[in-house]
Amino acid sequence: MKRLASASLIFLFACSTWAGRTGEGEGEVLGVSPESKSVLIHHGEIKDMMGEMTMEFTVDDASLLKGVKQGDRVHFTLEQRPPFDYVILKMTVIPPAPAQ
Ligand SMILES: [Cu+2]
């Protein structure tokens, strides 16, 4: 019981620390879904938040997805909403990454 209590304390602390935290990322759009207000992105590392991965982000306003299509490279600002939601606040299409 004692262990459970301290585990939830850590969880609460973590949540209050993460709430409203924002980050910047870049990646390639793999799919856009205005009906569910979401976008699937393969993104690079997002500093202090997560490594490279493919994941689905939600947006508050579907108009953010206008003009964004599969294959586009985007720069975005996201907000972390505990526990596991990542919401894109701003997104702009940028030129493709230079060939390496
Ligand atoms: Cu991610």
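Two strands count as paired if DSSP finds at least two bridges between them. With that in hand, you can read this predicted model. The protein's secondary structure comes to 1 helix and 5 strands, and along the sequence these follow the pattern α-β-β-β-β-β. The 5 strands close into a barrel in the order 1-2-3-5-4, with mixed pairing. From one strand to the next, the twist averages 50°.

**How the strands pair**

- Strand 1 (22–33) pairs with strand 2 (38–43) in the antiparallel sense, over 6 bridges. Look for Gly31, which stands opposite Leu40 in strand 2.
- Strand 2 also pairs with strand 3 (53–59), again in the antiparallel sense and over 6 bridges. Which residue of strand 3 is the bridge partner of Ile41? The partner is Met55.
- On another side, strand 1 pairs with strand 4 (73–81) in the antiparallel sense, over 7 bridges. In this pairing Glu24 has Thr77 of strand 4 as its bridge partner, and Gly27 stands opposite Val74.
- Strand 4 and strand 5 (85–94) run antiparallel and are joined by 9 bridges. Thr77 turns up again here, standing opposite Lys90 in strand 5.

- Buried residues make up 11% of the 100 residues in the protein.
- The largest nonpolar core has 8 residues: Val29, Val39, Ile41, Val59, Phe76, Leu78, Ile88 and Met91. Strand 2, strand 4 and strand 5 each supply at least two residues of this core.
- Leaving aside neighbours within four places in sequence, Val59 is in contact with Lys37, Val39, Leu64, Leu65, Val87 and Ile88. Among these, Val39 and Ile88 also belong to the largest nonpolar core.
- Val59 and Glu79 are 20 residues apart along the chain, and their C-alpha atoms are separated by 10.0 Å.
- Phe76, another member of the core, touches Gly25, Ile88, Lys90 and Met91, not counting residues up to four places away in sequence. Ile88 and Met91 are core residues as well.
- Among contacts in the protein between residues at least 6 apart in sequence, 46% join residues at least 24 apart.

**Two faces of one strand**

- In a regular strand the side chains alternate between the two faces of the sheet.
- Strand 2 lets you see this for yourself: Val39, Ile41 and His43 form its covered face, while Ser38, Leu40 and His42 form the uncovered one. Val39 and Ile41, from the covered face, are also in the largest nonpolar core.

**Loops and turns to look at**

- Strand 1 and strand 2 form a hairpin with 4 residues between the strands. In the loop between them you will find Lys37, which has a positive phi of about 50° although it is not a glycine.
- How many C-beta neighbours does Lys37 have inside 10 Å? There are 17, so Lys37 counts as partly exposed.
- Asp48 is exposed, because 7 other C-beta atoms lie within 10 Å and the cut-off for an exposed residue is 12 or fewer.
- Strand 4 and strand 5 form a hairpin too, with 3 residues between them. Pro83 has its place in the loop between these strands, and a cis peptide bond, with omega about 0°, joins Pro82 and Pro83.

Technical notes: Residues are numbered from 1 along each chain as its sequence is written. This is a predicted model: local features need pLDDT of at least 70, side-chain atom pairs count only at pLDDT 80 or more; totals for chains, interfaces and linings use all residues. A nonpolar core is a set of buried Ala, Val, Leu, Ile, Met, Phe, Trp, Tyr and Cys residues joined through C-beta atoms within 7 Å. A residue is buried if 20 or more other C-beta atoms lie within 10 Å of its own, exposed if 12 or fewer, and partly exposed in between; C-beta atoms are placed from the backbone. Two residues are in contact if their C-beta atoms, placed from the backbone, lie within 7 Å. Axes are lines fitted to C-alpha atoms, for helices over the stretch in contact, and angles run from 0 to 180 degrees between N-to-C directions.
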